[in-house]
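Hi,

Here is the structure I said I would pass on.

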Amino acid sequence: VRISKLKKIMPKVSIIIPSLDGYRNGNVPRLLADLKRQTFKDFEVHVIKGVVPNGRARNVGAKKAKGDIFVFIDDDVEIGSDDLIEKLIEPLFRDSSIGLIGPSFTIPKDSNKFQRYLAKQLPRSEFIPKEDMLETDMVTHACMAITAKLFWQIGGENEILPRGSDPDLRYRIRQKGFKIVGRKGIFVYHPVPENLIKLIEYSFFA
């Protein structure tokens, strides 16, 4: 489905970004600039500031959203594909068996030596599928798309869990009989902790 046809037949998209301060060391403005360059334009953006945990923040954003498809993006993500939104949402329209979809992801190009080493040791730091549409558990809140209908059908996000919201959401989607897929060819950069102290904080206190 080409972008010209998507403009005519695709429903509106709501992009929801939870963020403690709405800035994240300057990454939120960069993320918003990335979104302005997207080939698909029919979307709104909700940056939800100061709401914790992230599950509750995402629900707050979803309640404000007017779109038929929700795209959740973490505030530390950098978008690596100008056609990310277009190709992320298109399979949801084409294949009703897909409940959740995410892009490929890798660490940022400017990652330091510790981050590059850590990415090799942590099995879920990078995901580059070999197939265009691969059923996988590697779809995360870093960047994912789901229809608003299914999101509310499964009860939205868990507002209590401080961690583990990715597997919780995937489990409930599969319980409804839907597939979870990662798509090749579109990607985001998602950082890992930049030093040992940050890694400990992420592992035990995030």
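Below is what turned up, grouped by where it sits in the chain. Keep in mind that this is a predicted model.

Strands first. β3 covers residues 69–73 and pairs with β7 through five bridges, the two running antiparallel. If you want a spot to start from in the viewer, go to V71, which has A145 of β7 opposite it. As for β7 itself, the strand spans residues 143–147 and is mostly covered, with four of its five residues buried.

The peptide bond leading from V52 into P53 is cis, and its omega is near -10 degrees. P53 belongs to the loop that links β2 (43–49) with α3 (54–64).

The other two are in the loop between β1 (13–19) and α2 (27–36), where you will find R24 and also N25. R24 is not a glycine, yet its phi is positive, at about 50 degrees. N25 is likewise a residue other than glycine with a positive phi, in this case near 55 degrees.

How exposed are R24 and N25? R24 comes out at 36% relative accessibility, so it counts as partly exposed, which is the class between 20% and 50%. N25 has 69%, and because the cut-off for exposed is over 50%, N25 counts as exposed.

That's the lot from me.

Cheers

Notes. Residues are numbered from 1 along each chain as its sequence is written. This is a predicted model: local features need pLDDT of at least 70, side-chain atom pairs count only at pLDDT 80 or more; totals for chains, interfaces and linings use all residues. Side-chain values use heavy atoms; hydrogens and water are left out. Buried means under 20% relative accessible area, exposed over 50%, partly exposed in between (1.4 Å probe, protein chains only). Two strands pair if DSSP finds at least two bridges between them.
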